[in-house]
Amino acid sequence: MTTMFEKVWADHVVTPLSEDADLVWIDRHYSHDLSGPFSMKTLSKRSLACRRPDLTFALPDHGVSTEPGRSEASTAAGSKMLPALRRYTSSLRIQLFDLDDARQGIVHVVGPELGLTLPGMLVVCGDSHTCTQGGVGALGWGIGNTEVTQLLATQALNVLRPKPMLVRIEGQLSPYVTAKDVILHLIARDGADAGSGHAIEFGGSTVRMMSVEARLTLCNLSVDFGASIGFVAPDETTYAYLDGRPYAPRGSRWDDAVDYWRSIPSDDDVGVEACGIAPQVSCGTSPAHTIGVDDLVPDPADAPDESTARAWSDALQYVGLRSREPIAGVPVQHVFIGSCTNSRLEDLKRAAAVVRGRRVASGVRAWVVPGSGSVKREAEQLGLHEIFVAAGFAWREPGCSMCMSMNGDVVAPGERCISTSNRNFVGRQGPGARTHLASPETAAATAITGHITDPRRFGEESV
Amino acid sequence: MSAIKPLVRVASRAMPLPLDSIDTDVITPMSRVIDGTYVDRAFEPLRFCADGTARSDDPFADPRFAGAEILITGANFGCGSSRETAAWAVKAMGYRVVISESFGDIFASNCFKNGVLPLRLARDDVRALLKAAENEQIVTVDLDEMTVSSGLQHFPFDLPEIRRKAMLNGLDDLDVSLSMLGKIEAFETARLARRPWVVPHDADEDGCR
């Protein structure tokens with residue numbers, strides 16, 4: 001049997017370097033304000049040209065303010081990094097979707113939505129969540145600064161070949177249970193390093209039923225499962241999503257591309273039972289510290305070994321929870337709906353369905369940060385912003401925002417945030433900030449009550 | 001131009017850090033990446049209190065392990081963000097080898113690009129070495145022999161041949177790929193003839209903006 005990973009990888013091998021490493025040609029590179037300037041500077045220091053500026057696209061997302069009326073001066077990081085990104089992309093002739101460009105947004109939201117990322121491609125970016133791009137059937141992974149420089153200079157990378165792994169997810173998801181809950185459940189069950197060294201193909205009936213946007217969320221957290229690559233084989237859902245996107249191929253090129261894409265899925269669909277999964281919420285400092293929203297906070301005494309017990313107990317101390325207390329009911333001060341995990345139109349629609357006609361609890365700061373200018377415009381055309389604003393949410397400009405505290409959007413020390421982002425590490429949302437990862441529905445329900453809440457409760461009430 | 005120091009054999013005391021899942025946000029917090037102090041403030045949450053003063057239980061302050069060139073850690077070391085500052089900080093702290101049961105893939109890749117060896121061993125072997133490190137024994141990592149030893153204990157390890165060669169010779173990946181530019185260009189011409197749709201459709205020409 002040949003897997004999709006093997007077919008796509010083989011299509012890119014310039015030359016094998018050893019038994020387990022290849023020099024591979026890369027189809028697409030995304031650059032952003034944090035990863036771009038350093039490597040672009042190194043390139044010019046070494047007097048190297050950018051070989052294929054037409055295959056790299058740059059957009060500021062990490063360090064930008066998401067405040068309405070923003071400029072690059074709105075954040076310290078932005079005022080330092082954005083002018084440098086502008087200067088280097090201009091001299092290297094790389095297309096930049098700048099703050100005033102309607103297409104600006106988070107790299108992993110914008111790449112697929114513009115049709116820049118296509119099935120069967122190899123895609124890299126100086127960001128670990130590049131695995132998100134696998135939602136449209138590309139193999140994407142995050143790289144460091146040294147590799148970004150190498151990519152710009154040669155359009156190729158020498159990489160250890162990951163091993164293919166299939167994760168099959170079967171069955172119908174319960175109402176109010178999403179792709180985010182599935183992947184958090186998997187990480188909690190098997191560990192944050194379970195996919196280490198692998199490229200994961202997500203298959204099975206649950207994945208086939210998912211929209212492309214849900215698949216992007218599923219793949220987004222592959223790296224937090226240990227695998228730098230996660231992808232879903234393309235199918236009719238993928239083609240319908242990509243057809244007509246601004247940068248997607250047209251006419252006979254589109255037909256040729258679809259012919260090829262139909263040949264890449266794994267020959268045999270090679271698990272997780274989806275039907276039993278409850279909405280998930282993290283309760284510690286690793287995505288592996290995740291439980292069902294109706295579960296109790298774990299007791300380190302129940303840990304399988306000593307080092308896990310210590311990790312749990314350090315984590316509980318950091319997030320300020322007691323073991324064996326219900327996670328539901330824990331009060332929060334902040335709600336963040338956004339990030340490359342959950343900031344697409346479907347995420348905002350699902351959150352808005354919970355919020356509609358309700359009010360954010362007093363004392364809670366609740367934000368919606370659309371993932372791109374396109375998402376923001378489409379949401380506004382649907383009137384979603386009015387639902388959020390009427391409920392007391394702030395409606396922000398596109399960017400990475402509260403996912404990683406480098407752009408002024410932070411959670412104060414000791415305060416608690418339910419967040420649709422991907423990492424609940426120590427200090428991730430600001431020094432001393434406490435993060436609970438969850439789906440947009442769970443975050444929205446929590447905003448309304450002011451404490452961690454099972455979104456299924458709202459479903460029952462409205463029925 | 002290679003700035004990578006070859007690594008054949010390292011023998012030194014080893015710094016024990018028996019914590020699982022130390023992520024790259026802990027190794028180099030984003031605020032320190034931005035203000036440029038990520039080496040001085042590496043592992044900040046483990047070493048400093050919220051008010052900036054040193055923690056009394058800072059594991060790196062133990063004089064017994066000053067000058068150690070080997071770091072031995074819990075599982076999943078360097079998981080999380082792709083920031084290469086984490087590998088740079090580990091290197092700048094003087095570590096040439098990091099031993100763990102597992103690593104974040106991108107962090108491990110970044111280590112190799114900077115001449116730091118991320119070495120995977122089985123859990124029991126890591127535990128034995130943590131104990132040896134605590135007892136201030138010398139730990140020896142030998143890339144010729146492909147073993148880690150301490151006292152009478154010897155642990156063989158695996159390493160992809162390409163990584164081993166690069167470490168032994170101090171090869172710079174950029175130099176390696178630049179030397180193959182001819183091959184890359186030929187591949188690219190053939191690929192774009194085979195899959196012309198890889199070059200993005202020019203959206204600006206449609207007035208899509």
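Begin by selecting domain 1 (4-261) and domain 2 (280-462) of chain A, whose C-alpha centres lie 24 Å apart; the bounds come from an automatic or database domain assignment. This is a predicted model, in which local features need pLDDT of at least 70 and side-chain atom pairs count only at pLDDT 80 or more, while totals for chains, interfaces and linings use all residues. Residues are numbered from 1 along each chain as its sequence is written, and chains are lettered from A in the order in which they are written.

Next, display the boundary inside chain A, where 42 residues of domain 1 are in contact with 38 residues of domain 2 (C-beta atoms, placed from the backbone, within 7 Å). On the domain 1 side, helix H3 (76-92), helix H4 (107-113), H6 and helix H8 (212-220) of chain A give two or more residues each, and H6(A) has the largest share, 6 residues; helices are DSSP runs of H or I with at least four residues, numbered from the N terminus.

Then colour the largest nonpolar core, whose 200 residues include Val335(A), Ile70(B), Ile72(B), Val98(B) and Ile99(B), the members that touch the most others. Such a core is a set of buried Ala, Val, Leu, Ile, Met, Phe, Trp, Tyr and Cys residues joined through C-beta atoms within 7 Å, buried meaning that 20 or more other C-beta atoms lie within 10 Å of a residue's own. Helix H6 (residues 179-190) of chain A gives the most to this core, 7 residues, and because both domains of chain A contribute residues, the core lies between them.

Finally, select the contact between the chains, which takes 61 residues from chain A and 51 residues from chain B.

Methods: Two residues are in contact if their C-beta atoms, placed from the backbone, lie within 7 Å. A residue is buried if 20 or more other C-beta atoms lie within 10 Å of its own, exposed if 12 or fewer, and partly exposed in between; C-beta atoms are placed from the backbone.
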